Amino acid sequence: MKKLINRPEDVVKEELEGIALAYPDLVKVHFNPNFIYRADAPIKGKVAVISGGGSGHEPMHGGFVGMGMLDAACPGEVFTSPTPDQMLEAAKTVYGGAGVLFIVKNYTGDVMNFEMAADMARMEGLRVLNILIDDDVAVKDSLYTAGRRGVGTTVLAEKICGAAAERGYDLKRVADICRRVNLNGRSMGMALTPCTVPMAGKPTFELGEDEMEVGIGIHGEPGRERMKIKTADEITEMLALSIIEDPEYRRTVREFDEEKGEWVDVELVSEPFRPGDRVLAFVNSMGGTPDIELPIIYRKLHEICEKKGLKIVRRLIGRYITSLEMQGCSITLLRMDDELIDLWDAPVKTPGLRWGV
Amino acid sequence: MPATTQDLLTCLYRMAEVIEANREFLTQLDAAIGDADHGINMDRGFKAALKKLPPVEDKDAGTILKTVGVTLVSTVGGAGGPLYGTAFMQAGTVLGGKYELEPQDVLAALEAALQGVVMRGKANLGDKTMVDALTPAVNALREALRNGASLADALEQAAAAAEQGMKDTIPMLAKKGRASYLGERSIGHQDPGATSTYLLLRAIADVAREKQGRA
């Protein structure tokens with residue numbers, strides 16, 4: 001294992017210490033429990049948007065804390081979900097009196113820890129809603145698995161919900177926007193190389209020199225299929241068509257019903273893409289793929305979308321949701337409407353995403 | 001002679017020892033079908049829980065178990081934290097105010113732990129999770145006590161049932177947690193969560209047998 005670290009067990013702590021020193025105008029860092037929060041929090045009367053997850057996906061989530069995006073982010077150990085005490089303390093710290101939205105990626109550990117955190121926060125009198133992101137089309141069914149994983153759409157949801165909260169939307173409306181982004185977003189990723197969790201010291205799986213893994217998540221877990229490596233155009237086509245031709249997706253998720261005061265099962269449906277849809281195209285590096293290769297992916301994606309009648313109205317290209325040093329990429333398409341476009345364009349000022357300011 | 005809070009503390013210290021001894025084993029099982037951190041996470045959690053015990057050692061069983069549960073929730077992470085944390089907290093709720101535990105109290109605590117795990121994780125029997133070890137253990141304990149077994153003998157039967165349940169996860173197709181994404185590839189591997197559940201129940205049974213041996 002070759003990494004620019006000191007001791008493996010200090011990686012997350014020292015990363016957070018560095019972030020606090022590097023971006024003092026944007027964020028503050030709280031230790032034990034660990035969370036990153038907006039330097040100007042709490043903002044009175046504004047819904048607080050909080051996310052979190054295992055570390056190793058930087059800049060997500062901590063790099064997205066700031067004006068127009070997240071109020072706080074809770075980092076767990078590398079690829080391990082954060083614990084409820086982190087989310088509870090973060091929620092109390094940034095609470096502006098208008099409620100908290102937890103944006104949660106659909107991983108068993110994340111879901112349970114955020115549900116417990118929400119229950120604990122409500123016991124302390126805070127209003128909290130959880131919305132899941134489950135957009136990974138590499139997972140086919142929801143009946144025999146924990147359901148689709150939360151991947152690329154998470155970044156887009158954090159930006160759009162952050163803008164909605166900044167604009168003064170109330171908690172229910174911000175939650176509705178988040179659910180809408182999730183239902184309209186689909187992603188798929190692939191890896192050319194595995195990655196190495198610092199504490200483990202060796203790669204999470206083995207890949208031959210001429211092999212690639214398609215349908216990976218973001219934790220270095222093996223994917224849907226292992227195959228011989230192909231050209232960028234062929235890989236882009238494989239990912240893009242998996243997304244564009246993905247049929248209707250139904251699943252039952254657990255959301256908190258404020259009127260009933262309990263968790264309820266909600267059936268959600270993602271409609272397939274159709275010709276004429278306006279989309280945001282997001283081409284993401286898994287961490288190790290350099291910027292020179294991403295436009296090559298976008299070039300082909302643009303061509304495929306045109307051929308399929310999808311109109312790309314916004315783009316995001318770069319390294320935003322990663323698996324440590326893994327080489328590979330993911331593609332996300334998000335169906336847009338006027339309101340989502342408007343919220344996407346709104347100013348944002350975070351260490352990892354910044355425009356309009 | 002009923003069990004005491006001292007016996008409970010002995011169980012908790014033994015659990016931490018067993019988890020530490022099996023840290024690498026649990027992590028290896030998890031590497032095959034999960035994310036290779038179950039042993040590391042559980043060991044971190046139980047070590048943290050032990051540090052929280054001294055101030056509550058003279059308190060009732062409920063307070064002791066809730067202290068362990070809250071600590072596990074905030075230190076284990078992953079899915080194991082909420083699941084084991086909820087199990088200990090639910091067991092603690094049942095044993096609130098108690099300093100002496102009759103066999104029926106132990107059964108009620110383990111039943112509550114199981115209910116907590118099922119509520120939190122929404123897993124069913126056969127999904128290849130800790131439920132597959134805990135459910136047969138609770139059933140065996142209930143059955144043995146109904147048939148008049150001593151607490152130590154009943155816990156021994158519970159541990160044996162958990163061991164069988166753990167082994168039964170090997171041919172199962174995972175339907176919950178990260179292993180579920182592997183589909184058919186999850187078959188042939190023993191579930192790490194069911195394994196840690198067995199190890200914890202084994203620790204309880206061993207402590208009970210040693211106490212009976214001394215009596």
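The model is a predicted one. In chain A the domain assignment gives two domains: domain 1 comprises 8-184 + 249-269 + 344-355, and domain 2 comprises 188-244 + 274-335. Their C-alpha centres are 23 Å apart. Across the boundary, 32 residues of domain 1 of chain A are in contact with 29 residues of domain 2 of chain A. The size of an interface is often given as the accessible area lost when the parts come together. For domain 1 and domain 2 of chain A, about 2,600 Å² is buried between them, and 67% of this is on carbon and sulfur atoms.

A:Met1 sits in the segment before α1 (11-22) of chain A. Is this residue, A:Met1, buried or exposed? A:Met1 counts as exposed because its relative accessibility is 52%, and the cut-off for exposed is over 50%. Leaving aside neighbours within four places in sequence, A:Met1 has contacts with A:Thr196, A:Val197, A:Pro198 and A:Gly201.

Rolling a probe the size of a water molecule over the atoms shows where empty space is left. There are six cavities of 30 Å³ or more. The largest cavity holds about 590 Å³, and 37 residues line it, with B:Ala79, B:Gly80, B:Leu83, B:Gly177 and B:Arg178 closest to its centre. Elements from both chains give two or more residues to this lining: α3 (108-123) of chain A, and α2 (23-33), α3 (38-52), α5, α6 and α9 of chain B. α3(A) gives the most, four residues. By class, the lining of the largest cavity has 15 nonpolar, 14 polar and eight charged residues.

The second largest cavity has about 50 Å³ of space. Among the residues lining the second largest cavity are A:Val111, A:Glu115, A:Arg254 and A:Trp263. Here α3 and β6 (128-133) of chain A each give two or more residues, and the largest share, three residues, is from β6(A).

The second largest pocket has a volume of about 750 Å³. Its lining has 38 residues, and B:Cys11, B:Val106, B:Leu151, B:Leu155 and B:Ile204 lie nearest the centre. α9(B) supplies the largest share of this lining, eight residues. The lining of the second largest pocket divides into 31 nonpolar, four polar and three charged residues.

Key:
Residues are numbered from 1 along each chain as its sequence is written. Chains are lettered from A and ligands numbered from 1 in the order in which they are written. This is a predicted model: local features need pLDDT of at least 70, side-chain atom pairs count only at pLDDT 80 or more; totals for chains, interfaces and linings use all residues. Side-chain values use heavy atoms; hydrogens and water are left out. On a 1 Å grid over the protein atoms alone, a cavity is a set of points where a 1.4 Å probe fits but cannot get out, and a pocket is an open set with protein on both sides within 12 Å along at least five of seven lines; lining residues have an atom within 4 Å of a point. Grid points are joined across faces, edges and corners, and a volume is the space filled by probe spheres set on the points. Ala, Val, Leu, Ile, Met, Phe, Trp, Tyr, Cys and Pro count as nonpolar, Asp, Glu, Lys and Arg as charged, and the others, Gly among them, as polar. Buried means under 20% relative accessible area, exposed over 50%, partly exposed in between (1.4 Å probe, protein chains only). Contact means heavy atoms within 4.5 Å. Domain bounds come from an automatic or database domain assignment. Buried area is the accessible area (1.4 Å probe) that two parts lose on being put together, summed over both.
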